[in-house]
Amino acid sequence: MSVIRVPAPLRATVGGRTTVPIEASDLRSLPAAIGATYPDLAARVVQDGAFGRFVSVFVDGEDARFLPPETSLVETKVVELLPAVSGG
Amino acid sequence: MTTKIFAAEQSIERRRSPLTGFKCRACGVLQPADDRYVCAECFGPIEPAYDLASLDATALRFEIENGPRSLWRYAPLLPVAEPKSHYPVGWTPLLTAPRLGALLGVDRLYLKDDTHNPTLSFKDRPVAVALARALELGLDTIACASTGNLAGAVAAAAARNGLRAFVFVPENTEPGKIASAAAYGAHVVRVRGTYDQVNRLCGRLADEHGWGFVNFTLRPYYAEGSKTLLFECAEQLGWTLPHHVVVPVGSGALLTRTATAVSQLREVGLVNGEHCHIHAAQPAGCAPVSDAALDGWRDVRPVRTPDTIAKSLAIGSPSDGDRSVEVVRDSRGSAGSVSDAEIVAAVHDLATTEGVFVEPAGGVVVATARALAERGVFHTGETVVLYLTGNGYKQEPGAFDLRAVIAPDAEEFASTYAEVLR
């Protein structure tokens, strides 16, 4: 089982919690798993079965876009959701 | 003399902003302009919305032209009122560049020389607007993730206003930029990793500390400061839009807000219907936006490990990347992706023909202009403006008190900086 770290603007969708557990076998199935377990959260970060363009997803600190879809989430990992914001 | 100038600026009546709220770029919902920094409905990016219809063009032009010689002359088009004390940020020179123009084959070439800002880069502009909001909110600490220039701008603004500053930079940031931020007394946090990894760390820290992260929690205000380059160019050209503007692209905020500025000037009637082509300039070692534009306007693909001497543009995952591609396409602009060798040559050409010494990002812009000219993008009689956003002078760090480099890890940050976080 992995853990999702939820950013402050989205915590109201998961009862105010900072982290929530998630059962997903791999990265590919993560959006659907979020949809099944936390529909209010999914409504804001998942579009058409995939993460939306305005959310950045990290798995143990790695940008999910650089990881293969079969990346396992069975062992405990930290999935971080952050707004796609930058500008240095 | 300086004291008198500041006294005069402070005596100017503070003007109200026509801000009506924040509008989400994704779902379009208008929402209150409170302390939110993403859309409460869909997590999308939010941007200020204005009641521009209430502005009279003649009165607005008079007000601007009689305003302070800083970006605050455009306060009626910004989301926050002019603060009582501030740097004279902005109102930088728009230089004619006949010698460089002859070299590039451009007959009406202008340089928007934003190296004249207080910390020698255009980042003083977005920071000025973000800082004004931080002061309104009564924050005591401001912070940022930075490729270097922003760090100095945040550090200086914090010092001038008695605030604490944390600036987070990749460990390979140019020494001169680290030096300037350290000189202003900021806590310069050097992080092992790329800018995008620094950015992730800051996204996490923005949640955990009540600081004003200028490019996170204050971003709706921060990004608006970038509009003022185009406002100034139009005013300095006699309230006429340039036919072409070549913009360096890191996150894409400057490019997208250039388009916003064009749109707003048209909406309030300060310029006529001239078309303004907006061109993106990126180094080949980190060109997610230019590559997408030049490859058939496809979606942006992030660059995992940027590799370029133009470190201030080394943002592999630009938050305004897809929107930048749309802006370039919709303005019938183009893009350049230039090599390090071309960047170095362009910095040299600019310095030796016009006496303007820029950081590599400026070389990216000049080299892109050269490429666009060779492609026949510019036509005889058209005005071409190059944004020069950073000075080349930042020096070695010397003996400033820098702490150990940390991993992009919140716990390590907390332990390394435990004593200053108390």
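**Sheet in chain A.** I began with strand S1 (residues 2-5) of chain A, which is joined to strand S2 (residues 19-22) of chain A by 4 bridges, the two running antiparallel. Helices and strands here are DSSP runs, numbered from the N terminus, with at least four residues (H or I) for a helix and at least two (E) for a strand. Two strands count as paired if DSSP finds at least two bridges between them. I looked up one partner: A:Ser2 has A:Ile22 in S2(A) as its bridge partner.

Before going on, I noted that this is a predicted model, in which local features need pLDDT of at least 70 and side-chain atom pairs count only at pLDDT 80 or more, while totals for chains, interfaces and linings use all residues. Residues are numbered from 1 along each chain as its sequence is written, and chains are lettered from A and ligands numbered from 1 in the order in which they are written.

S1(A) also pairs with S7(A), in the parallel sense and over 3 bridges. There A:Val3 stands opposite A:Val78. S7(A) is joined to S5(A) as well, by 5 bridges, and that pair runs antiparallel. A:Val55 faces A:Pro83 of S7(A).

What order do the strands of the open sheet in chain A take? I read S2-S1-S7-S5-S6, 5 strands with mixed pairing. S2 and strand S6 (62-63) of chain A stand at the edges with a single partner strand each, so one side of each has no neighbour in the sheet.

**Where the chains meet.** Next I looked up the contact between the chains: 21 residues of chain A are in contact with 31 residues of chain B. Contact means that the C-beta atoms of two residues, placed from the backbone, lie within 7 Å. On the chain A side, helix H2 (39-45), strand S5 (55-59) and strand S7 (78-83) each supply at least two residues. That side divides into 13 nonpolar, 4 polar and 4 charged residues. For the classes, Ala, Val, Leu, Ile, Met, Phe, Trp, Tyr, Cys and Pro count as nonpolar, Asp, Glu, Lys and Arg as charged, and the others, Gly among them, as polar.

**Domains of chain B.** Chain B is divided into domain 1 (2-57), domain 2 (94-121 + 226-388) and domain 3 (124-221 + 396-421); the bounds come from an automatic or database domain assignment. The C-alpha centres of domain 2 and domain 3 of chain B lie 26 Å apart. Between these two domains of chain B, 15 residues of domain 2 are in contact with 15 residues of domain 3. The domain 2 side has 4 nonpolar, 10 polar and 1 charged residues.

**Sheet in chain B.** I then found an open sheet of 4 strands in chain B, ordered S8-S7-S6-S9 with parallel pairing. Strand S8 (187-191) and strand S9 (212-213) of chain B are its edge strands, each pairing on one side only. Strand S7 (residues 164-170) of chain B is joined to S8(B) by 5 bridges, and B:Val169 stands opposite B:Arg190. Helix H5 (residues 149-160) of chain B packs on this sheet, touching strand S6 (141-145), S7 and S8 of chain B, and its direction makes about 170° with that of S7(B). Axes are lines fitted to C-alpha atoms, for helices over the stretch in contact, and angles run from 0 to 180 degrees between N-to-C directions.

**Helix pairs in chain B.** How do helix H4 (residues 124-137) and H5(B) cross? Their axes come within 9 Å and cross at roughly 40°, so H4(B) and H5(B) are oblique to each other. Angles under 35 degrees count as roughly parallel, over 145 as roughly antiparallel, 65 to 115 as roughly perpendicular and the rest as oblique. B:Asp124, B:Val127 and B:Leu131 of H4(B) meet B:Ala153, B:Val154 and B:Ala157 of H5(B). By class, this contact has 5 nonpolar, no polar and 1 charged residues.

My last entry is helix H13 (residues 340-354) and helix H14 (residues 360-374) of chain B, with axes that come within 7 Å and cross at roughly 95°. That makes H13(B) roughly perpendicular to H14(B). Among the residues in this contact are B:Val344 and B:Val347 of H13(B) and B:Gly363 and B:Ala367 of H14(B). The contact divides into 9 nonpolar, 2 polar and 3 charged residues.
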